[in-house]
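Q: I've got a model open and would like to learn how to read it. Can we walk through a few features together?

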Amino acid sequence: MSLDAKIPEGPLAQKWSKHKFDLKLVNPANKRKYDIIVVGTGLAGASAAASLAELGYNVKAFCFQDSPRRAHSIAAQGGINAAKNYQNDGDSVFRLFYDTIKGGDYRAREGNVYRLAEVSVNIIDQCVAQGVPFAREYGGLLDNRSFGGSQVSRTFYARGQTGQQLLLGAYSALNRQIHAGKVKMYTRTEMLDVVTIDGHAKGIVTRNMITGSIDTHAGHAVLLCTGGYSNVFYLSTNAIGSNVTAAWRAHKRGAFFGNPCYTQIHPTCIPVTGDHQSKLTLMSESLRNDGRVWAPKTVEIAEQLRKGTIKADQVKEDDRDYFLERKYPAFGNLVPRDVASRNAKEMVAEGKGVGGSGFAVFLDFADAIKRLGEDTVRAKYGNLFDMYIQITDENPYKQPMRIYPAVHYTMGGLWVDYNLSTTVPGLYALGECNFSDHGANRLGASALMQGLSDGYFVIPYTLGDYLAKIGPKKVDTSHPAFEATKKDVVTYINKLLALKGNKTVNEYHRELGHIMWEYCGMARTAEGLTKAKGLIQALKADFWKNAIVTGENEEVNASLERAGRIADFIELGELMVDDALMRNESCGGHFRVESQTADGEALRDDENFAFVAAWEFKGENQPEELHKEQLVFEAVHLSQRNYA
Amino acid sequence: MSNGNMNLTLKVWRQKNAQTSGKFVTYKAENISPDMSFLEMLDVVNESLTHKGDEPINFDHDCREGICGMCSLYINGHPHGPKRGVTTCQLHMRTFHDGETITIEPWRASAFPVVKDLAVDRSAFDRIQQAGGYVSVNTGVTTDGNAILIPKVIADEAFNSATCIGCGACVAACKNASAMLFVSAKVTQLGLLPQGQPERYSRVQSMVAQMDEEGFGSCTNTGACEAECPKEIKLTNIARMNNDFFSAKLFREEEIHEVKH
Ligand SMILES: Cc1cc2nc3c(=O)[nH]c(=O)nc-3n(C[C@H](O)[C@H](O)[C@H](O)COP(=O)(O)OP(=O)(O)OC[C@H]3O[C@@H](n4cnc5c(N)ncnc54)[C@H](O)[C@@H]3O)c2cc1C
Ligand code: SF4
Ligand code: FES
């Protein structure tokens, strides 16, 4: 099968307008004859479901939480980018496009990224119209701030709760359509498989998480908006429920998986303190606007700090190494995430890490407080500071915060073309669930932008083209494919419920996480990855022998839910390791130790790796087949990323 | 597995589902670190229950960052536990002391039926929002965001109300199980903003009507909701909402009639 990204011909700036014109339209009177299934109601899913319902389609929407308002998108803190140039600082669609391509280390598709920058402008307007309370200036205009990896101020925000406010906006648009009867919402319902007929996606199989009822739903198209899979690392900044199940099961039904090893490591998280932790908490990157990152200059001082014999504010100015400002004077503390993360890791490796565990560096607000006053700092970051106090019992107004990188976001996901279609016709992937737009390293404030762009402004057009082509002929669940897929799901659940071994699924998850972080995290080697593969295969075999799954299907059963998700994580983990091993270059946050410049920076290999890796499932325990989508750069020149 | 030094006794409400009745069951929580969150402490208990082949305790949670509103435990007589302005997932064990007995119950309100153990069904909240908690605007038909000027003080005030996470602690705290604080938060947010004006009075009426239909109690101004709200949503919102509600009733009956049909 050959991969066709379907990027429209013509100049970059006209691709999307031209494409929109070329796409087929569904006659307004016919729209109500089409049923669309939307799985996931985070930013991508809620915005898509609402927009499609407004157009007249019948939408069935699903989420596993008790309410769409609880989707993981709610946790996004920092902000959302848009090329509005309200600050008159030279921003433009092209500049946002350029920064995003560069920030993705030239591993993203030009066409998609340009479209993203183009519609970013409309996203803000849409959200304002819904009543999203973005930060405003005294004159009543929208306020902006800057984010890592950019030199203009283009990030719109709502205190430290941008995700919550954007999601509540999309949720309210969704609610309006539920009220109007155009969307039927299924909460506490988990999608467990995709139903295909003649190679086209025609429905899904779900489990009602209250009664255990396994049901089938038919539609003309299925949209997966099910988020990312950072929890494969066990500890990440993601919500506990975030998982890969929907995408992984779709992968097994024919959807290629793109760039699985591309993981975003976020530099400013609260460090791990013990093995009791169930997740890591992100401190918004916006903190790097005013906070200065440093480590002690010597191992001796670091030692004293670790033991607690001295406190950070007692370290003299001369004994502090503001390593980001020193090494990257142009960007300083605002270098992109991978650069900031790698440098923190280096400090720790040199023995200059701080905090009880030694796995941390400082993020210091003393200067900002001196310059702006504590009240201003509180107004800007108060809720983040409170969160830090809550978790660590330390006061960041008095002592610098301790931060360390953590897994945060996945740029990999189901492979999609320009229309957001996966390799299975009728099956679409939106938001973090797809691989598109971010390349090897996502810049801050761009995931929210992509989720909403996909849902509000891309899929309403591109889906219409597919629907017009297949026609409104009804599909229903009486087709034998539904019964057959349902049977597979039931068999799988019974297999899980039969596991009565001696290790909890959580213990498997933690072990998997250790393997992934150790060998497929911030720095990777061929040797480590090969070892990881063996470890994961052994873990998988052990899981299917010795895991414990309690309870039955016909009830609320968190143990069963988790078991299914962790089984999928284990399989995905193996593919991530294969992908990382194949990609023998360093790009974005994916540092292959074998591929670095003389001064230790990540070294890309454009000659051999300027492609998207799209993996095809070939059957249980079979090696997956690699397909390559060559990336073509017309508007930007491939160059070494340099933030110095 | 943990490195803690606290030993606690938990009295936990166990209830198989909405149809059966429940009871308190006592468990030991051992070797708990003061740095654990309350939910991490329950994770530890659940791991040991699972090892014994027992059913783990079911509770709702997701983000564990105090923002999704999903966690919902009634701890020692307080929704989200004893600390002010904090959700259960952000409550840490250092708030408790070694040897303490902790009572854990689900939210209790007839509009929130128990799902299992400590999890309840809060979909009534969604239905209230669906009744009108939005601005009726379609995708793509909008003006420039800066064409609508909003003074900073108004934007900030609207934002304060918009921070409600829909957790339902206000209902759980209230002796009448009133949902007024929750409803008033959305009514206030949209009522303050220019975008929310056209539907301001029909919105408050539809939302209040739905709230009554769901079986929430009435508000008698006791203020327990504000005291227990993890996001410190203000009682003044309720006053604002009442104001809008009565204005709507007195002056706007006809207009609203038109809007609704
Ligand atoms: C702490 C944090 C802070 C962040 N801050 C920022 C930021 O400042 N700026 C930025 O741009 N990005 C940020 N991000 C990233 C951004 O929040 C996410 O990438 C984005 O919100 C993902 O949205 P989504 O709609 O794709 O998926 P999600 O919001 O994850 O939604 C997934 C949906 O799918 C559903 N679902 C999943 N699986 C199933 C299934 N099998 N069956 C049924 N339903 C299912 C869930 O119920 C949910 O509704 C942040 C992320 C984190 C973790
Ligand atoms: S008003 Fe407060 S207590 Fe009530 S739902 Fe909102 S955040 Fe929770
Ligand atoms: S788990 Fe999300 S608020 Fe507590």
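This is a predicted model: local features need pLDDT of at least 70, side-chain atom pairs count only at pLDDT 80 or more; totals for chains, interfaces and linings use all residues.

A: Let's begin with strand pairing: two strands pair if DSSP finds at least two bridges between them. Here, β6(A) and β7(A), residues 200-208, pair in the antiparallel sense over eight bridges. One spot to look at is Met191(A), which stands opposite Thr206(A) in β7(A).

Q: What order do the strands take in the open sheet of chain A?

A: The order is β6-β7-β8, three strands with antiparallel pairing. β6 (189-197) and β8 (214-218) of chain A each have a single partner strand and stand at the edges, so one side of each lacks a neighbour in the sheet. From one strand to the next, the twist averages 30°.

Q: How do I read a pair of packed helices?

A: Two packed helices are described by the angle between their axes and the distance between the axes. Take α4 (residues 110-130) and α12 (residues 447-470) of chain A: their axes come within 9 Å and cross at roughly 80°. α4(A) and α12(A) are therefore roughly perpendicular to each other. By class, their contact has nine nonpolar, six polar and one charged residues.

Q: Where does ligand 1 lie, and which residues come nearest?

A: Ligand 1 lies between chains A and B. Of the 38 residues around it, Gln65(A), Ser73(A), Gly78(A), Met191(A) and Glu432(A) come nearest. For polar contacts, check the atom pairs: a polar side-chain atom of Gln65(A) is 2.4 Å from an oxygen atom of ligand 1. Met191(A) uses a backbone N or O atom, 2.8 Å from a nitrogen atom of ligand 1.

Terms used. Residues are numbered from 1 along each chain as its sequence is written. Chains are lettered from A and ligands numbered from 1 in the order in which they are written. Side-chain values use heavy atoms; hydrogens and water are left out. Helices (H or I, at least four residues) and strands (E, at least two) are DSSP runs, numbered from the N terminus. Axes are lines fitted to C-alpha atoms, for helices over the stretch in contact, and angles run from 0 to 180 degrees between N-to-C directions. Angles under 35 degrees count as roughly parallel, over 145 as roughly antiparallel, 65 to 115 as roughly perpendicular and the rest as oblique. Ala, Val, Leu, Ile, Met, Phe, Trp, Tyr, Cys and Pro count as nonpolar, Asp, Glu, Lys and Arg as charged, and the others, Gly among them, as polar. A residue is near a molecule or strand if one of its heavy atoms lies within 4 Å of it. A polar contact is a pair of N or O atoms within 3.5 Å; within protein, one must be able to donate a hydrogen and the other to accept it, and residues adjacent in sequence count only if both atoms are side-chain atoms.
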